[in-house]
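Let us go through some structural labels and ask what backs each one. Each answer sets a value against its cut-off.

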Amino acid sequence: MPILNKDMTLCISLSARPSNNGTRFHNHLYEQLELNWIYKAFAPTNLEQAIAGVRGLGIRGCAVSMPYKEDVIALVDEMDPSAKAIDSVNTIVNTDGHLKAYNTDYTAIEQLLASNAVPTSYSVLVQGAGGMAKATVAALRDAGFTNVTVLARNETTGRALAEQYGFQWRPALDGGTADLVINVTPLGMAGGPGADTLAFPQDTIDAAQVVFDVVALPAETPLIAAARAAGKPVITGAEVATIQALEQFVLYTGVRPSAEQVRAAEEFTRAQ
């Protein structure tokens, strides 16, 4: 990494519970590609002031994580179709003070469903109704899944999300099972109140064909660990994080790293 200097381009992330994953991934790529850039994670105390800082300080890129993916919409100048279609933002690009919002979570979910060859005939349970849930449900619909149930305690947001994409809503699992189960809540996230919580009951895991957890930290969440122990194929939040971060990197820099460079950055990130 270059020594800090006045010409260095800054990118940041905003999260309630920031990790070093994005910081290590982006900075490693900057170093490999010899870019005079630096990436730093923040936990904002005031989101509106933080976004004003992005604009006023000329910060080039801003990743947005839970719980700010919807709240930032009112603070940007333009919504790319990737964000507008699902009313959820995970990426902001600043071009001369003009803030344009994107969503690369959708791209990551879409690619992982395809690369893991998850049959679209599978029944699906999606637990959660926030910004990441919107990206997930939209990707499922666009991939051709039809038997999808959104599990959310908040009827207003849960039902609205399910009905927007032609799916079902339920307030709780109540012993239900599905071929594909997806956790898009903070349950299992390191540092949170539910860090040790299993996002789905063991019998639901045992009945599933594929288990998917979007939580990236830790890479081995309680849900992923339980699914592996049960011999189930898994898709992890770490995989989601790599793909969405790569697409953010391209939006920020205009450079697409090689597959080898991405693998090196991913290995560096996971070695922390």
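**Labels and their grounds**

V211 stands opposite V234 in β12. The model is predicted: local features need pLDDT of at least 70, side-chain atom pairs count only at pLDDT 80 or more, and totals for chains, interfaces and linings use all residues. Residues are numbered from 1 along each chain as its sequence is written, and side-chain values use heavy atoms, with hydrogens and water left out.

Q: What makes β11 and β12 a pair of strands?
A: Two strands pair if DSSP finds at least two bridges between them. Strand β11 (residues 210–213) and β12 have two bridges, in the parallel sense. So they count as paired. The names are DSSP runs numbered from the N terminus: helices are H or I with at least four residues, strands are E with at least two.

Q: Why are β9 and β12 called edge strands?
A: The open sheet has six strands in the order β9-β8-β7-β10-β11-β12, with parallel pairing. β9 (168–170) and β12 (234–235) each pair on one side only. Helix α6 (residues 155–164) packs on this sheet and touches β8 (148–151) and β9. Contact here means heavy atoms within 4.5 Å. The direction of α6 makes about 160° with that of β9. Such axes are lines fitted to C-alpha atoms, for helices over the stretch in contact, and angles run from 0 to 180 degrees between N-to-C directions.

Q: How do you know that the buried residues of α8 share a side?
A: In helix α8 (residues 222–229), L223, I224, A226 and A227 are buried. They cover an arc of only 165° around the axis, which puts them on the same side of α8. The arc is that of the directions from the helix axis to the C-beta atoms. What covers them includes β10 (180–183), α7 (202–207), β11 and β12. After α8 comes G231, with a positive phi near 75°.

Q: What makes the β1 to β2 crossover right-handed?
A: Strand β1 (residues 9–14) and strand β2 (residues 37–42) run parallel, joined by six bridges. The chain crosses from β1 through helix α1 (residues 21–32) to β2, and this β-α-β crossover is right-handed. The label applies if, with the strands pointing away from the viewer, the path from the first strand over the helix to the second runs clockwise.

Q: Why are C11, C62 and T23 called buried?
A: Buried means under 20% relative accessible area, exposed over 50%, partly exposed in between (1.4 Å probe, protein chains only). C11 has 0%, and C62 has 0% as well. T23 has 15%, so it counts as buried too. T23 lies in helix α1 and touches Y39, K40 and A41, not counting residues up to four places away in sequence.

Q: Is F145 buried or exposed?
A: F145 has 3% relative accessibility, so it counts as buried. Its place is in the loop between α5 (131–143) and β8. Leaving aside neighbours within four places in sequence, its contacts include L113, Y122, F167 and L180.

Q: Why do E34 and D96 count as exposed?
A: E34 is at 73% relative accessibility, so it counts as exposed. D96, at 82%, counts as exposed too. E34 is in the loop between α1 and β2, D96 in the loop between β5 and β6. E34 has a positive phi of about 55° although it is not a glycine. D96 also has a positive phi of about 55° and is not a glycine.
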